[in-house]
Every structure is written in C-alpha cells, then in structure tokens.
Amino acid sequence: METYRLYIDGHFVDAEGGRTKPSINPFDGEAIADIPVASPGDAEKAIAAARRAFDEGPWPGMSGEERSALIGALAARMKERQKELAANEARDSGGTIAKCGADAYLAQRQMAWFGEMAKRYNAEAREIEGMSRPGRSFNYTIREPIGVCASIIPWNFPLLMAVWKLGPALATGNTVVLKPASDTPLNALELARIVDEIGFPPGVINIIAGPGGSIGEAMTTSPLVDKVAFTGSTEVGRDIMAKAAGTLKKVTLECGGKSANIVLHDANWDIAVDGSIFASFYHQGQVCESGTRLLLPKDQHDEFVGQMVAKLEALPMGDPLDPATRLGPVVSERHMATVLDYIELGKKEGATLACGGARATEGPLGKGYFIQPTVFTDVTNDMRIAQEEIFGPVLCVLRYDSEEEAVSIANDSIFGLGGGVWSEDLDHAREIAARLRTGTVWINDWHLLSERMPFGGYKQSGIGREFGEEGLNEYTEVKALHVDDTRTRDNKPWYDMLVPREKTDA
C-alpha cells in the first residue's frame, strides 16, 4: 500500500505525531493508501514556508518566462503520467475511468495554459486613457501578485481542482498552500512528488492533507495568508468567508448549485434527452453545476421522462476502472447516507419516484457506495429536494406552462452557478439564457468549461471567477502609478494649499 507524506518548504515530512489514516476506495471499501493527517501546527509551518518564499525567495521576482518554464515542465510531467493519475483518481474518488481520464487530460492542458499565461499575462503596464499627457503626467496601472494563497479544494474533481488553484496563483507570482479534501487526497500528494522533481524553489508550493475543520481554520485565519481560494459547499464557503474577515483577506469562493435545465418546446430530443442525463448524472451527480432541476413543458413531460428513465435504467454500474462502467459509486459511505436521506425526504415531501430511489447492492456493488440513478417527478420548487444541493445521482423534474414561468422557477433559488436551455432556435435560446441569474449557461449542451472562459457563480454560488483573464486577476493586486512630468515647482500650484510659495521680486 502506497504511503504519502506532507510537502512543506521543498521537503517531504511526516505529520506532527506521525498521524496517518487510510484512503478508502469507494468501489469496495478497501484501503488503497496511507495518508498523513496534518495538524494546525503543520499548516502553520506550510504557511510560514510560503510566506518566506514570497517575501524572501526568488519566485515573485522571476520573469514571466522563468515561471512559465517551471509551470510548463510541471504540465509536461503531468502529461507523461496522465494514465497513472487517471487510475489514481478512479480508485480514490469513485469516478469512472472515462471521467478521470478526461480530467487527467484536461488538468495537464490547463496547467500548460497557465504556464503560457505566466509569460503573457499583464506583461505591460496599462495606461489610463485620458489622464496621461506629456509635460504633465503619465498614469497607468500594473498588477502584482497578492502574496500567500491558501487553497482548499473539494473531493469531486481532485486533480482538476488542484490545477485550478495552483495554476493561476503560480502564473501570477504567488506562493501556495494547497489542502485537498480528506476523502480524495491522492493526486494532490502525487502532484507534490512531481513538483519536487521539477525543482520549484522551496516554499512556493506546499501541499498538506488533513481535516478541513482544524486545517481550514488555520489557513483562513492566519495573518500570514493574503488570499483564500475555496471550492466546496455554500455552507462551508460562508464559514470560510466569516473567518477570513478577521484579517480582511481576499476571498474567492466557488460554492454550491442547484442549476435549472430548461427544455423548450422546440428542443431537439435527440440531444436534449441524452444531454439532460449527462447534465445531471455525470460523475454520479457530484458536480456543483449539474443540471439537477429539469424543467419540462407540461405537454411533453411524460414522454421525455419516459425516454430518460429507459436510458438511465440501462446504464451499467460497476468498477470505476472498467471502461464499460458508466456510473460508479459516490465518494464515501458518509456521503451515500446523506444522499439516501435526501431521497427519503423527497418521498415524504410528496414527489414521485420515476426510477431508482435506493442503494444498489447487486453482486459486487454491495461492497461499495452505489446509489441507483434516481428521478423524482411531481416536484414543486418549494420542496427541499428542489432547493437544496443533494450532490448525488438524484434529478428533480418540474413542469411548466409558459417560458415566463420556467425562467421564474429557474431563478427562484439561492444558487446561481449553472443553467441550460435546449432549443432549435438559437436566438430565442440566447434570450432565455440572458434572463437566467447564473454564472454560466449552456445552450444545447452541458458541463463544457474552458480555461480561457471565466467560470463562477451568482448569488450564494460564489464570489469571483476562475479561468480566463478574470480568474488570473483574482490572484493579483492592482497598483496605480502617477508619474509627474512637469519637473518644476511652478507647475504644482496645488502645493500652495499647504506650502505657499515664497514671493520673489520681479
């Protein structure tokens, strides 16, 4: 069984007291690795190392080209180990090998893009239009790294989320302490090994594994940390924001969602049915922007649901490492219990089960944390299952009479992360999309994200953006510079308000 260690200040070290815990494969409940359990003291050591690396080390002062070379080397090594990283993630998270393979490919591609951005991002000062005049002054802005970044990532996309946090922070010259989720730490700790091979300056990247409560608090309250970047539930995001307020840290949060998926009357069912399954059940529904509220016209509801259910019931469940598997287990026994509780709640609220609704226990599935793909109909938007993030293979189907009602239902949520519209009339679909209060809207598709396009949420789905120029900006401070070009005291009459000029004889 593989044994991992913390990575602090360029060294692999044991957690204080030598504490470890097993990492569990959700397919069969078996231990697959021995993971260090960091303490708040370990977190403080990592933060101090990142502080020294930023204040005294070479990283922030390196040219974009120098930082790019190291980030690019990290991306290249990740590409070489792509298959291994994918298999690690499938065993650690329960994601299918198809999903984890795609993640490993995207992770190295995205890291390579961040490496390019290190060279190209904000390479030149930006002049403030209308304020610069030769003989008077030059006025411009520059962006500078914010400092030490505490990055806390979730368990559903461990490798990708690590890249989403490390990439922009490194590209813009920051140092990082990264904490993976307790349920899925393997690939973050594997990244530490790759980082060590590449030869980043000590303290630039620190990776620690441990409980979110105590470690997260140490990271969010430390006065040595300048920014907290978090992806996870809205509830934890609120707590992090409150704790970071004590030192007025910059905070970016990518939190929960309950995204509405609107099928219009003229939708192409050939893609809308499969697309709605993909929107909701990809990675067993453990995706923050999943389309977990399906809105259907009343006169098309029964037939559309019937087609979906027939396809869902035929999806093979099994070993995530088997390429034939389409649905794997959820991430942990604890999370399985939470999802099953929501299913029972849906029944009590009066929703109707169209399929699923229980743990899957046939044959080898009985050892793992499998839940049947579940569809509820007769759902109203005031039910808890329609308002709260279940984060599992559970879809709520709601009927609507008019498009106005559909938009109203979609926006009646504390969340605003994703959304979707299915229609053959793209102009009309864009009109509907523009009315949805959400950070991303897919038209005739779902889940597709690009490192070049900003991603983030409205309302209680988050603060700030990841990816694109907007995402890089989140890791910088803006400095405004005023450069006087008059060079004489006579051309500074505003000084007279405080220091009158001496009168001279003509």
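Predicted model: local features only at pLDDT ≥ 70, side-chain atom pairs only at ≥ 80, totals over all residues.

**Aromatic rings and their surroundings**

1. One aromatic cluster is formed by Trp113, Phe114, Trp164, Phe455 and Phe467.

2. Aromatic pairs number twelve in the structure. In one of them, the ring centres of Phe27 and Phe370 are 6.1 Å apart and the planes meet at 85°; the pair is therefore edge-to-face, since an angle over 60 degrees counts as such. This pair links distant parts of the chain, as Phe27 and Phe370 are 343 residues apart. Phe27 belongs to the loop between β4 (20-24) and β5 (31-36), while Phe370 belongs to the loop between β15 (352-355) and β16. Both residues are buried.

3. A further edge-to-face pair consists of Trp155 and Phe391, because their planes stand at 80°, with the ring centres 5.3 Å apart. Trp155 is in the loop between β8 (148-152) and α5 (158-171), and Phe391 is in the loop between α12 and β17 (394-400), so the pair ties together parts 236 residues apart in sequence. Are these two residues buried or exposed? Trp155 has a relative accessibility of 17% and counts as buried. Phe391, at 16%, counts as buried too. The reasoning rests on the cut-off for buried residues, which is under 20% relative accessible area.

4. The charged end of Lys99 sits over the ring of Phe157, at 4.1 Å from the ring's centre. Lys227 lies over the face of Tyr475, and here the distance to the ring centre is 4.5 Å.

**Sheets**

5. An open sheet of three strands has the order β1-β5-β4, and its pairing is mixed. The edge strands, β1 (2-3) and β4, each pair on one side only. β1 and β5 run parallel and are joined by two bridges. Within this pairing, Thr3 has Asp34 in β5 as its bridge partner. Helix α6 (residues 186-198) packs on the sheet and touches β1, β4 and β5. The direction of α6 makes about 60° with that of β5.

6. Arg126 has Thr141 in β7 as its bridge partner.

**Individual residues**

7. Asn381 is placed in the loop between β16 (374-377) and α12 (384-387). Its relative accessible area is 10%, so Asn381 is buried. The side chain of Asn381 makes a polar contact of 3.1 Å with the side chain of Arg293. The side chain of Asn381 also reaches the backbone oxygen of Asp412, at 3.1 Å. Apart from neighbours within four places in sequence, the residues in contact with Asn381 are Arg293, Ala386, Gln387, Leu398, Ile409 and Asp412.

8. Arg91 is part of helix α3 (residues 82-93). With a relative accessibility of 26%, Arg91 counts as partly exposed. Its side chain is joined to that of Asn88 by a polar contact of 2.9 Å. How many residues separate Arg91 and Leu321 in sequence? They are 230 residues apart in sequence, yet their C-alpha atoms are 7.5 Å apart in space. Leaving out residues up to four places away in sequence, Arg91 touches Ile24, Asn25, Pro26, Ile32, Leu186 and Leu321.

9. Asp9 is not a glycine, although its phi is positive, at about 55°. Asp9 is placed in the loop between β2 (6-8) and β3 (11-13), and its relative accessible area of 23% makes it partly exposed. Arg487, also a residue other than glycine, has a positive phi near 70°. Arg487 is in the segment after β23 and counts as exposed, at 71% relative accessibility.

Notes: Residues numbered from 1 in each chain as written. Heavy atoms only, no water. Helix = DSSP H or I, 4+ residues; strand = E, 2+ residues; numbered from the N terminus. Buried < 20%, exposed > 50% of the residue type's maximum accessible area, 1.4 Å probe, protein only. Polar contact = N/O pair within 3.5 Å; in protein donor to acceptor, adjacent residues only side chain to side chain. Contact = heavy atoms within 4.5 Å. Pairing = 2+ DSSP bridges. Phe/Tyr/Trp six-rings, centres within 6.5 Å; stacked < 30°, edge-to-face > 60°. Lys NZ or Arg CZ within 6 Å of the ring centre and 35° of its normal. Axes fitted to C-alpha atoms, helices over the stretch in contact; angles between N-to-C directions.
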